[in-house]
Amino acid sequence: MSVVSLLGVKILNNPAPFDAKYQFEITFECLEPLQKDLEWKLTYVGSATSSEHDQELDSLLVGPIPVGVNKFIFEADSPDLKRIPTSEILGVTVILLSCSYDDREFVRVGYYVNNEYDNEEMNDDPPAKPVIERVRRNVLAEKPRVTRFAIKWDTEDSAPAEFPPEQPEADAVEDDGTTYGAEEAELEAAEVEAEATEAVKQDGEDEEMAGADDTAGPAAVKADDEESEAGSEDLEAESSGSEEEEIEEEEGENEGNEDMEMDEDGETAARTAGKESSMQGQHQGEVMVH
């Protein structure tokens, strides 16, 4: 909070000749006793393109300052023509009224100023060299531009904060950006998991169908093979049984033939040999059929 507040500024001589003094009636309020004086200053802006032509017209120290509303008259000399470019004398420029405490500016009031000749003929056809005696200034007092600055006055408590106040409870709160990022990450993870589950489900269905195809094809073939093998075993078993029976019959017949050979004569032996030969041929025929 400012200890001194500017309440109003009144320009006493306006319009006025260019070389006349500036006269301001300034009203301000002081809320606390001040240890030092207030410094008021009036600056004339000599050029719109460069600050090197700016000139301080006058400054005034006001003090001691009593608490309450105060009023005084501030007078300042006209600008020095030698420090103003010739092309910048006529036309619109700016004056700045400022106040500082302990070399710290806390308020500034800016006014536009229009400098022109006092007759239309000279304004329509200005001379090459300005005629200062015929130039008048007009301060646009109705449209001031006021700027205020927070400064330190006599106590440290009055000093403006250089940094924002500490807010421990705000630091404890989770950052919105972090929370938002975490929520996005959770959503992405859920989507990825759902996609993976769907992919696994589809793979399982494909495997089941493939298994069904395998069962319908290879298993059936395998069953046919087993039946064929079983049939072959039965045929082989039957064939083996037939062969054994034939062998036994041949052995019995051979024994009989041997007895016959011992009892009968050579003709009987020849007939027996022919019969045996015939039996062997029949046996070979049966084997070949199998």
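This report covers the nonpolar core and the aromatic contacts of a predicted model.

## Basis

Local features need pLDDT of at least 70, side-chain atom pairs count only at pLDDT 80 or more, and totals for chains, interfaces and linings use all residues. Residues are numbered from 1 along each chain as its sequence is written, and side-chain values use heavy atoms, without hydrogens and water.

## Nonpolar core

The largest nonpolar core has 39 residues. Such a core is a set of buried Ala, Val, Leu, Ile, Met, Phe, Trp, Tyr and Cys residues joined through side-chain atoms within 4.5 Å. Buried means under 20% relative accessible area (1.4 Å probe, protein chains only). Among the residues with the most contacts inside this core are Tyr 22, Trp 40, Ile 95 and Phe 106.

Strand β8 (104-117) is one of the elements that give two or more residues to the core. The largest share, six residues, comes from β8. Strands (E, at least two residues) are DSSP runs, numbered from the N terminus.

## Aromatic pairs

The structure holds six aromatic pairs. Rings of Phe, Tyr and Trp (its six-membered ring) pair if their centres lie within 6.5 Å; planes under 30 degrees apart count as stacked, over 60 as edge-to-face and the rest as tilted.

Phe 28 and Trp 40 have ring centres 6.0 Å apart and planes at 45°, so the pair is tilted. Phe 28 lies in β3, Trp 40 in β4, twelve residues apart. Phe 28 is buried at 1% relative accessible area. Trp 40 is buried at 2%. Phe 28, Trp 40 and Phe 72 form one aromatic cluster.

Terms used. Buried < 20%, exposed > 50% of the residue type's maximum accessible area, 1.4 Å probe, protein only. Helix = DSSP H or I, 4+ residues; strand = E, 2+ residues; numbered from the N terminus.
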